[in-house]
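Colleague: I am new to reading protein models. Could you take me through one, feature by feature?

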Amino acid sequence: MVIRYDFDSRIPDPAVRVSELTENQDDGTGTLWKGEWASQSPLNSFRIVQNGLGSNKSRGYLELRAQNADQFYVESTPYWWETSTTFDLRDTKLSFYLKEIEPIEVSSGYSLRVFVADYQVGKSYCGWDLIVPLSLGDKEWALNDVHLDNDESNWIRYSNSRSLNEVLSRVGFIGLRYAKNGGRKGVGGTGVLGLDEFTYQVRD
């Protein structure tokens, strides 16, 4: 099974708060979220641009604009789908294109990385960043082929205490963000990031 967002036709729904809670979706703060994508900061500042300038001259791409952003990330959120979903992504592949639409500046030491996270009721979120930075194109889109290997030496945990194996076996959130030694705040990000052809494989 493959999950793919090309941003050319259907525009994914941004995650929003809704009032009705269900047991398996309560985020632990009395808030239920629903939607397909989310970003920070501010919340859901991403937009879909369809001007024919995507990767390989495709119609559309996702654009994330930041202005002195404390956090700078965008993520696919299957846990917040209409039917809450998690995927086993252990030792699978993730691919996407990245481009610096407008020059990006971040605080010293921050780099753009893939992250995964899960959520467990009563135990909150647990997330891991891949240590190897991503390739960001300047004038052209840069293809990133990423192996989600189940080896903790290649990752750094940024919240909670669950193992990488446990999180990768039930991923509810997957995306990319500027990070520093597992930290996700204090990025001070300014600029515009482009993302296209976001595709991840799911184990049967």
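Modeller: Start with one term. Buried means under 20% relative accessible area. Keep in mind that this is a predicted model. Now take strand 13, residues 173–179: seven of its seven residues are buried.

Colleague: Which residues of strand 13 lie on one side, and which on the other?

Modeller: The general idea comes first. In a regular strand, side chains alternate between the two faces of the sheet. On one side of strand 13 are Phe173, Gly175, Arg177 and Ala179. On the other are Ile174, Leu176 and Tyr178. Both faces are covered, and all of these residues are buried.

Colleague: In what order do the six strands of the open sheet run?

Modeller: Strands of a sheet pair through backbone hydrogen bonds, either parallel or antiparallel. Here the order is 4-7-13-9-10-12, and the pairing is antiparallel. Strand 4 and strand 12 are the edges, each pairing on one side only. From one strand to the next, the twist averages 25 degrees.

Colleague: How many bridges join strand 7 to strand 13, and how many join strand 9 to strand 13?

Modeller: Four bridges join strand 7 to strand 13. Val74 stands opposite Leu176 there. Seven bridges join strand 9 to strand 13. In strand 13, Arg177 has Arg113 opposite. Strand 9 is also joined to strand 10, by six bridges. Asp118 faces Cys126 of strand 10 in that way.

Colleague: Let me try one residue. Is Ala117 buried or exposed?

Modeller: Ala117 is found in strand 9. Ala117 counts as buried because its relative accessibility is 5%, and the cut-off is under 20%. Its contacts include Cys126, Tyr158, Val167 and Phe173. Ala117 and Ile174 are 57 residues apart in sequence, with their C-alpha atoms 6.5 Å apart in space.

Colleague: Glu63 is another one I picked. Where is Glu63, and is Glu63 buried or exposed?

Modeller: Glu63 is in strand 6, residues 60–69. At 4% relative accessibility, Glu63 counts as buried. Among the residues that Glu63 touches are Ser45, Phe46, Arg47 and Ile101.

Colleague: What about the nonpolar side chains? Which residues have the most contacts inside the largest nonpolar core?

Modeller: In soluble globular proteins, nonpolar side chains tend to be buried together. The largest nonpolar core here has 43 residues. Phe96, Leu148, Leu176, Phe198 and Tyr200 have the most contacts inside it. Apart from that core lies another, of eleven residues, among them Ala15, Trp33, Tyr73 and Trp80. As for Phe198, its contacts include Ile3, Tyr5, Trp37, Phe96 and Leu176.

Colleague: Next, the rings. How many aromatic pairs does the structure hold?

Modeller: There are 18 aromatic pairs. Look at the angle between the ring planes to sort them. Trp33 and Trp80 are stacked, with 20 degrees between the planes and 5.3 Å centre to centre. This pair links distant parts of the chain, 47 residues apart. Trp33 is in strand 3, and Trp80 is in the loop between strand 7 and strand 8. Both Trp33 and Trp80 are buried. Now compare Trp37 and Phe198. Their planes are at 75 degrees, so this pair is edge-to-face. Trp37 lies in strand 4 and Phe198 in strand 14, so the pair ties together parts 161 residues apart in sequence. Trp37 and Phe198 are both buried. Ring pairs also link them into a cluster with Tyr5, Phe7, Trp81, Phe87, Phe96 and Tyr200.

Colleague: Over the faces of which rings does Arg177 lie?

Modeller: Arg177 lies over the face of Tyr158, 4.1 Å from the ring centre. Arg177 also lies over the face of Phe115, at 5.8 Å.

Colleague: Last topic: the backbone. Which peptide bonds are cis?

Modeller: Most residues other than glycine have a negative phi, and most peptide bonds are trans. Here a cis bond joins Gln40 and Ser41, with omega about -20 degrees. The bond from Ser41 to Pro42 is cis too, with omega near 10 degrees. Ser41 is in the loop between strand 4 and strand 5, and Pro42 lies in that loop as well.

Colleague: And where is the positive phi of about 55 degrees?

Modeller: That value belongs to Asn44, which is not a glycine. Asn44 is found in the loop between strand 4 and strand 5. Ser124 has a positive phi too, near 65 degrees. Ser124 is in strand 10, and at 34% relative accessibility Ser124 counts as partly exposed.

Terms used. Residues numbered from 1 in each chain as written. Predicted model: local features only at pLDDT ≥ 70, side-chain atom pairs only at ≥ 80, totals over all residues. Heavy atoms only, no water. Helix = DSSP H or I, 4+ residues; strand = E, 2+ residues; numbered from the N terminus. Buried < 20%, exposed > 50% of the residue type's maximum accessible area, 1.4 Å probe, protein only. Contact = heavy atoms within 4.5 Å. Phe/Tyr/Trp six-rings, centres within 6.5 Å; stacked < 30°, edge-to-face > 60°. Lys NZ or Arg CZ within 6 Å of the ring centre and 35° of its normal. Core = buried A, V, L, I, M, F, W, Y, C linked by side-chain atoms within 4.5 Å. Pairing = 2+ DSSP bridges. Axes fitted to C-alpha atoms, helices over the stretch in contact; angles between N-to-C directions. Lists of a residue's contacts leave out its neighbours within four places in sequence.
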